[in-house]
Amino acid sequence: MTTPEPSTSRPPLWRDVRVLRVAGQVAAVVVVFLILQWLIGNLVTNYGRLNISFDFGFLNQPTQFQIANHPQFNPRSPVWRMVLVGVKNTALAGVFGIALAGVLGLIIGIGRLSQNWLAAKLSAAYVEFFRNIPPLVVIVFFAFAVFLYGPLPNLRQAIEIPLFGTGRTALILSNAEWGVPGMRSTGNLLAFGVSALVAVVAAAVVWRWRTRLNERSGEPHHRVLWSLGVLLAILVVSYVALGGPLVIDWPQLSENRRRIASGFSINSGFMSVAGALGLYTASHVAEIIRGSILAVPWGQTEASFALALTNFQRYRFVVLPQAMRIAVPPLINQALNLIKNTSLAAAVGYAEITTLTQTSIGNGRPAVQSVVILMVVYLGFSLLVSLILNIVNRRLQLVTR
Amino acid sequence: MTASTLEPSPVQAPVGGPLTWVRSRLFPNLRSSILTVLLTPLLAYALYRAVLFFFVNGRWDVVTRNLTLFMQGTYPRDQQWRIVTQIIVLAFAFGVGAATSAASQVDAAREAGLPVVKQGFLSVLKRFWSVIAFVLLLLYFANTATPWLVMGGAIAAFALGSLARFIPRRFRSVGWTLSVLALVAAFQVVAGTVGYSWMITAVVLAAGAWSAFKFEGVEGRRAVVYRGLAAVAAAVVTYLVYMQLVFPGVGWDHWSGLHLTLWVSAFAIVLSFPLGLILALARRSSFPVLRWLATGYIELIRGVPLITLLFMGQYILGFMLPQGTDPSSITRAITAMALFTAAYVAEIVRGGLQSIPHGQTEAALALGLPTGKMMRMIILPQALRAVIPALVGQFISIFKDSSLLEIIAIDEFLGVRSLVHAQADFRVVAHAETLVFVAIGYWAFAYAMSRESQRLEVRLRAGRK
Amino acid sequence: MQRKLLALLTVLAVMAVACTTGDPSADTVPATDTGTETTPAETTPDTGDTETTGTTEPAVLPQDEGGILAAVQDRGQVRCGVNDVLPGFGIVDENGEYSGFDIDFCRAVAAGVLGDPEAVEFVPLTAEARFTALQGGEIDVLIRNTTWTATRDGQEGATFLHTTFYDGQGMMVPASTGFTTLEDLADATICVLQGTTTELNLTAVFNARGIPFNPMTHADNETLQPAYESGQCEAWTSDVSQLTAFKASIEEAGGEEQYIMAEVFSKEPLGPAVPDGDSAWAQAVDWSVLATITAWEFGLTSENIGSYDGDDPNILNFLGADGFDPGLGLDPEFNVRIIESVGNYQEIFERHLAPIGLELEGSPNDLWTNGGLMYSPPYR
């Protein structure tokens with residue numbers, strides 16, 4: 001039986017898949033490139049007509065406006081310093097918002113599965129309410145409810161909660177700023193910082209030692225107690241030795257009762273943004289956690305009932321660890337969303353990077369470069385948060401064979 | 001010996017009424033009781049304050065007097081008949097669409113041998129209760145008769161449209177085409193038929209003709225040619241008709257209020273879907289260049305907030321186009337929103353594509369299906385069905401994000417508040433009332449959409465074995 | 001593997017070729033069936049010493065050919081950039097109608113150029129977007145309480161015309177505080193709108209005098225005013241015209257009495273602006289605005305302009321009698337149409353700014369014969 005000869009002639013060029021593949025990709029690139037070139041060419045031409053430059057030299061010019069709640073910011077500082085202030089504020093609001101959203105979301109997500117009818121219904125109402133209104137509305141709502149029409153007095157008549165016994169104030173509450181205790185350095189700060197670093201490293205070493213000891217001999221490791229003990233011991237010794245480099249700075253109103261002169265002041269814009277976005281994102285987090293808890297196989301719960309674990313033990317040791325594995329990727333998404341939502345802070349006057357960019361464009365800075373910087377900042381945040389949480393995700397993943 | 005028969009004890013109905021329920025639900029154990037005791041006064045206080053705000057102290061005349069402003073913004077009042085007509089035509093479109101989809105579901109259930117569940121009128125009410133409640137609220141605030149007449153007209157149009165369920169199965173696609181056509185007509189009534197609008201209708205009619213005329217008797221390529229001819233004929237007829245009837249309207253640059261919010265969201269959704277689909281396919285394509293381009297675009301857009309894209313549209317897009325072509329603010333905003341949503345849609349669809357077992361692709365290749373047919377008939381239908389809930393979630397998100405247009409001075413539903421509070425009577429009062437009203441409006445629509453998405457999710461999951 | 005290499009090399013080659021011969025001018029001819037009906041013609045480059053990076057002729061502009069005036073007349077509508085949330089100057093009432101001081105001047109321009117005060121399209125703009133809209137051609141004229149500054153004339157590509165309102169920046173505090181000077185506000189939180197010259201001026205003045213302060217910026221008045229009333233900020237700085245309007249509103253609604261400090265700490269001459277490079281359009285708008293001042297000086301109002309029967313040659317010229325036409329490209333009777341439709345400057349002021357508490361007499365906005373600054377060049 002003769003097998004037919006394989007044909008050795010190539011199909012015509014216009015039908016040859018290999019050629020088409022290459023040609024198709026080349027064509028796609030050329031098309032995209034031409035479009036971009038047209039757009040950017042127009043941009044260059046139009047900007048040239050109006051005598052606006054393309055470089056980033058404006059970053060070295062003075063900012064010319066004062067940034068809210070940053071008394072140490074000099075309006076003559078260059079614009080790139082303003083950008084850094086904006087980035088810092090965005091990061092702060094993002095971190096606190098994520099923390100609040102995480103904690104609140106966890107509570108509400110678990111509350112929704114509670115046996116208590118009131119808790120379950122209230123959690124459900126909370127989630128359904130906050131998930132369905134725009135974040136901008138939540139931010140303005142929060143600012144109105146808590147600060148503008150809320151129970152707090154203005155700064156001149158602020159509530160000062162005293163610290164028992166001493167003449168100091170523990171907390172200052174007003175509708176514009178809150179004063180909380182901060183830390184102040186009295187010298188030797190660098191040395192203390194170094195010793196703190198040493199303490200942390202020592203604690204980590206002790207942790208590993210106790211864990212290895214446990215693995216080898218089966219003794220209870222008590223590693224938390226050991227590490228904490230070592231950490232505290234080194235910190236206390238260095239604190240005393242350096243003569244108390246850090247002291248608590250109690251909050252105090254200034255002479256004219258117009259600003260918080262010492263301690264750490266939190267402004268209402270920050271609290272509105274972080275609080276409101278925390279509340280808003282918590283509703284999404286609650287749904288994700290509820291979904292992930294429900295996704296844990298029911299057999300796990302049944303087994304924990306059979307072992308007579310308490311509710312708390314069941315959640316802490318069986319359900320939540322497995323649920324977190326499922327929940328981490330969508331939670332990463334929510335964290336990113338929160339950071340992106342801080343761009344809405346212009347409504348409450350919180351000076352994060354988008355608000356500052358809007359102000360500087362309004363004052364004549366070139367729009368293209370400013371918006372490009374803005375996008376780069378947010379891309380940076382996205383990348384950072386994705387990286388961190390992806391590491392967390394990978395640690396939590398099951399090792400499958 | 002008499003065998004003692006074990007009689008099963010009669011089933012006892014659960015004893016105790018409300019008291020048992022209270023005990024088991026609210027005070028089952030100590031911790032739960034403490035929770036109840038803590039939560040109840042808070043709840044009572046919140047309810048008390050809410051009642052005070054809504055019924056006693058609230059200055060709701062701000063909404064009553066500015067209701068038209070909230071609904072249609074600065075739309076010229078003498079052209080209001082267009083909006084009224086649009087609402088009625090939209091109600092008709094929804095009636096036809098709902099009836100056709102219900103009929104298709106019944107057919108599919110019958111074919112699959114599953115029980116046929118009829119959707120009663122009451123169940124529809126229950127599904128969309130939030131929207132209905134919001135409309136009733138609007139009627140309560142209205143101080144003219146027009147809204148009531150419009151409601152009556154809309155209900156009548158919806159009922160008329162739902163007669164479409166009697167269309168026989170062969171012509172079901174006529175129902176869909178009619179529904180989409182009515183949607184387009186509603187848009188045209190408000191915006192006018194000048195300019196490029198004939199193209200939209202032409203495309204819709206061509207697609208409708210293509211799907212309606214199946215030419216099943218004719219074989220292979222000739223059927224395709226005939227169908228193509230039918231589509232082209234439909235497009236040409238549309239063009240000729242439009243050239244005859246010159247119907248000026250009010251372009252979308254002049255729209256504002258809730259009207260604008262709804263249409264902007266609709267456009268962003270409709271425009272983002274095909275683009276997102278293309279991006280998702282490009283991201284999984286075997287051409288490395290396409291993959292890189294698509295991935296680069298998606299990661300770039302997903303990493304930045306929508307407001308930066310709106311800024312780009314506002315400040316930069318005008319310079320990127322040659323002089324003389326100056327798209328209006330709203331065109332730019334819709335473009336930015338569509339490009340933004342497309343990246344998210346692409347990710348969702350990609351997830352759906354990944355969830356299809358690879359065996360499907362292998363089977364299709366084994367059958368000799370070319371890639372196009374394989375995608376169209378096997379992969380995409382399954383993938384899209386799987387991700388419909390996630391897509392609806394994304395669409396809810398873009399509906400809420402339309403509130404960001406307020407930041408670039410487009411007066412959509414949230415932005416109308418600025419207009420209201422610049423008026424002399426409301427400069428310093430009633431800020432909270434307008435905010436609550438706007439929040440209720442957004443909530444009503446978003447809640448209805450999210451319940452629909454949950455229903456779809458349950459139905460799709462139940463459909464799978 | 002070879003294919004991929006081939007693809008990559010081709011791509012690189014194409015990009016290299018494109019980069020070295022990039023010629024955007026080939027792609028910048030505007031389409032003729034959008035927006036303005038301008039024929040694409042070859043034009044001379046606009047501002048002389050611009051350094052366009054890359055190659056080529058600038059794009060075709062309406063102001064370079066036939067001009068904005070011709071484009072507006074063709075279109076039959078003036079596109080006016082306005083504010084829609086500023087009491088007295090540009091607001092929207094519950095019927096969706098625009099009204100205000102600046103709005104009336106938009107209508108005056110429309111009446112002058114097109115003969116119909118309703119042939120205006122109002123484009124509401126934010127403070128940040130207004131100059132990009134003007135430069136980009138989205139609007140023909142910007143009448144949006146915009147201050148005339150050197151930077152805006154130069155860098156922002158605008159040309160400012162005759163000032164319609166001489167304003168200044170002031171500071172408002174609750175009267176009960178007893179503050180009277182800026183020094184009383186050391187360390188205070190001061191509410192200010194974001195993205196306007198108000199912020200810059202505030203910083204400049206306070207820094208020059210060495211007074212520390214804390215600004216609280218808001219995106220719009222609708223969140224700023226509750227913040228001020230709740231005491232979050234102790235003072236509110238804005239243009240005096242705005243402070244007057246809000247003072248009146250707060251006091252009428254039963255709030256605390258307000259005090260606007262006597263010190264006015266910047267000059268804010270507000271007026272219309274047009275894009276650079278089209279003098280015919282600039283003059284058309286300018287003389288339309290000036291018509292209101294000239295009519296005021298002559299004592300002509302919307303009521304009596306139809307019935308003038310005197311011999312004053314200046315007034316006769318103004319009315320376009322005997323066909324007097326100074327060659328501005330407008331109808332000889334354009335002044336009459338403007339005054340008939342919106343009235344003279346005093347009428348416009350009284351209609352919109354008197355209700356918010358501003359006085360015409362004795363202010364810089366009074367006529368020059370009464371000691372104010374409103375002075376129009378002779379119409380001859």
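Visitor: What area is buried between domain 1 of chain C and domain 2 of chain C?
Guide: The model is a predicted one. In it, the domain assignment gives chain C a domain 1 made of 65–166 + 270–370 and a domain 2 made of 180–265. Carbon and sulfur atoms give 58% of the area buried between these two domains. The total comes to about 880 Å².

Visitor: How many residue pairs in polar contact are found across the interface of domain 1 of chain C and domain 2 of chain C?
Guide: Between these domains of chain C the count of salt bridges is 0. For polar contacts across the interface, with both residues at pLDDT 80 or more, the number of residue pairs is 2.

Visitor: Why is one side of β2 and of β4 of chain C left without a neighbour in the sheet?
Guide: The open sheet has 3 strands in the order β2-β3-β4 (chain C), with antiparallel pairing. Strands β2 (85–86) and β4 (98–99) of chain C stand at the edges, so one side of each has no neighbour in the sheet, the reason being that each has a single partner strand.

Visitor: What area is buried between chain B and chain A?
Guide: In this interface 54 residues of chain B are in contact with 48 residues of chain A. Phe319(B), Met320(B) and Lys400(B) supply 14% of the area that chain B buries against chain A, more than any other three residues. Carbon and sulfur atoms give 72% of the area buried between the two chains, which is about 4700 Å².

Visitor: Which element gives the largest share of the side of chain B that touches chain A?
Guide: Between chain B and chain A there are 0 salt bridges, while 12 residue pairs are in polar contact, both residues being at pLDDT 80 or more. Helices α1 (18–26), α2 (30–57), α13 (288–303), α14 (306–320) and α19 (431–463) of chain B each supply at least two residues of the side that touches chain A. The largest share, 11 residues, comes from α19(B).

Visitor: How far apart are the C-alpha atoms of Leu279(A) and Pro135(A)?
Guide: Leu279(A) lies in helix α7 of chain A, residues 268–295. Leaving aside neighbours within four places in sequence, Leu279(A) is in contact with Leu100(A), Leu104(A), Tyr126(A), Phe130(A) and Phe142(A). Along the chain, Leu279(A) and Pro135(A) are 144 residues apart, yet the separation of their C-alpha atoms is 9.7 Å.

Visitor: How far apart do the C-alpha centres of domain 1 of chain A and domain 2 of chain A lie?
Guide: Chain A is divided into domain 1, 79–150 + 266–396, and domain 2, 183–246. The distance between the C-alpha centres of these two domains is 32 Å.

Visitor: With which residue does Arg283(B) form a salt bridge?
Guide: Over all chains the count comes to 29 salt bridges. In this pair, the closest N and O atoms are 3.7 Å apart. Arg283(B) is in helix α12 (residues 257–283) of chain B, and the partner, 16 residues apart, is in helix α13 of chain B. That partner is Glu299(B).

Terms used:
Residues numbered from 1 in each chain as written. Chains lettered and ligands numbered in written order. Predicted model: local features only at pLDDT ≥ 70, side-chain atom pairs only at ≥ 80, totals over all residues. Heavy atoms only, no water. Domains from an automatic or database assignment. Buried area = accessible area lost by both parts, 1.4 Å probe. Salt bridge = Lys/Arg side-chain N within 4 Å of Asp/Glu carboxyl O. Polar contact = N/O pair within 3.5 Å; in protein donor to acceptor, adjacent residues only side chain to side chain. Pairing = 2+ DSSP bridges. Helix = DSSP H or I, 4+ residues; strand = E, 2+ residues; numbered from the N terminus. Contact = heavy atoms within 4.5 Å.
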